[in-house]
Amino acid sequence: MDADSEFVFELQVCQWAERDWPPERARPILIARQLGTKRRRWDTIVVECDPDALETRARFGRERLDSDLLDVLRHAPEEWAWYRDALPDPGYPWRYVRESIHRADDREILETRTRGNRLQIRRRWAYPDWVERIVAIENKPDFDASAARALTDQLQRDVAVGLADEVWVATAGGREQFERALLEDVPVEVGILLVEGRDAEAIWQPRSLSPEQPGTRIEQRPDGGERDASAARFSYVDPDWKREKRLAIAERAYERGFRSYVGTMRPDCRHFELDDVPAGFLPHCDAKSCHQTASECRGGCPEYEPEPPTWRTGGWPIDGGPGAGVRRLLERQRLRTRPGLEE
Ligand code: SF4
């Protein structure tokens, strides 16, 4: 399967998950693409949220809160206090904490004042505990024997670390491929999802992992060759590290969602279209007659042609032209899953 199809498959999985994940769910969810840690990036992330806390999270704005801001906001006091009395020792110089305090003040999510040369802070709102579960999905439209072999090692590492609550593989292949995946020793903890157009079926249920427990990082393992007598190396993964990483992933998912691809594409090109297919909206290039990838749909694309200026003026039915209309449409869809945020 080519890159075009993998990109399209990824959007299909995201759109299915936003609509139907999981069928019996009662919790709101956020979907994002290509998020993870420095060492591991997943194709699709599902963040299951506490409904009231998710709405409270909106008070902190649509942009993510990075770990430095979270360090301040999660400990900001209800009453005015000198910031060094109120916050735990950060383990890095206090001047960086002051920078974070000023950034939070600029975003109007923290109150500050100076008394006797001392910077005081007071919280506007308590930062809510809005993230309930994080589910990681690896998208493999062609889950053949070699894909399964290549992925097995990575999935074993995902299960051992236990950063996500569940790990899945989404495939477009048939049951025969599923059986092959089992034969190739995909860990039994990993769920398998069969995606067909608008629908998906869980053909192997995952086991819940334990993100609140210590995890194991597989640093190195023998390659299995006859002459390889080396031992596997492991390291311990601290639950606090996992808690911080999970929140960082969730905050990025909150900011980006999965429609952020349009931010780097060229919906202002006259050939850019959004196809309304059963699976959802997919970008389509009229000049290339395909679902173009984000990497080819750029200003440097040889076929790029800007929208004619008349499309952006009074004669065109979409305010600002179709490119601006596409951005607004995707942004409105994004906001639907983030209660409390305004357009
Ligand atoms: S011609 Fe190029 S820039 Fe225009 S929509 Fe197609 S891929 Fe994107």
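**View A. Open antiparallel sheet S3-S5-S4 in the predicted model.** Three strands form an open sheet in the order S3-S5-S4, with antiparallel pairing; strands are DSSP runs of E of at least two residues, and helices are runs of H or I of at least four residues, both numbered from the N terminus. Strands S3 (81–82) and S4 (110–115) stand at the edges with a single partner strand each, so one side of each is left without a neighbour in the sheet. Two strands are taken to pair where DSSP finds at least two bridges between them. This is a predicted model, in which local features need pLDDT of at least 70 and side-chain atom pairs count only at pLDDT 80 or more, while totals for chains, interfaces and linings use all residues. Residues are numbered from 1 along each chain as its sequence is written.

**View B. Pairing of S4 with S5, and helix H5.** S4 pairs with S5 (residues 118–123) in the antiparallel sense over 6 bridges. Leu110 stands opposite Arg123 in S5. Helix H5 (residues 94–106) lies across S4 and S5 and runs at about 120 degrees to S4; axes are lines fitted to C-alpha atoms, for helices over the stretch in contact, with angles from 0 to 180 degrees between N-to-C directions.

View C. Asp68 belongs to helix H3 (residues 67–73). Beyond residues up to four places away in sequence, Asp68 touches Tyr96 and Ser100, a contact requiring C-beta atoms, placed from the backbone, within 7 Å. The C-alpha atoms of Asp68 and Glu99 are 9.2 Å apart, although 31 residues separate the two in sequence.

Methods. Contact = placed C-beta atoms within 7 Å.
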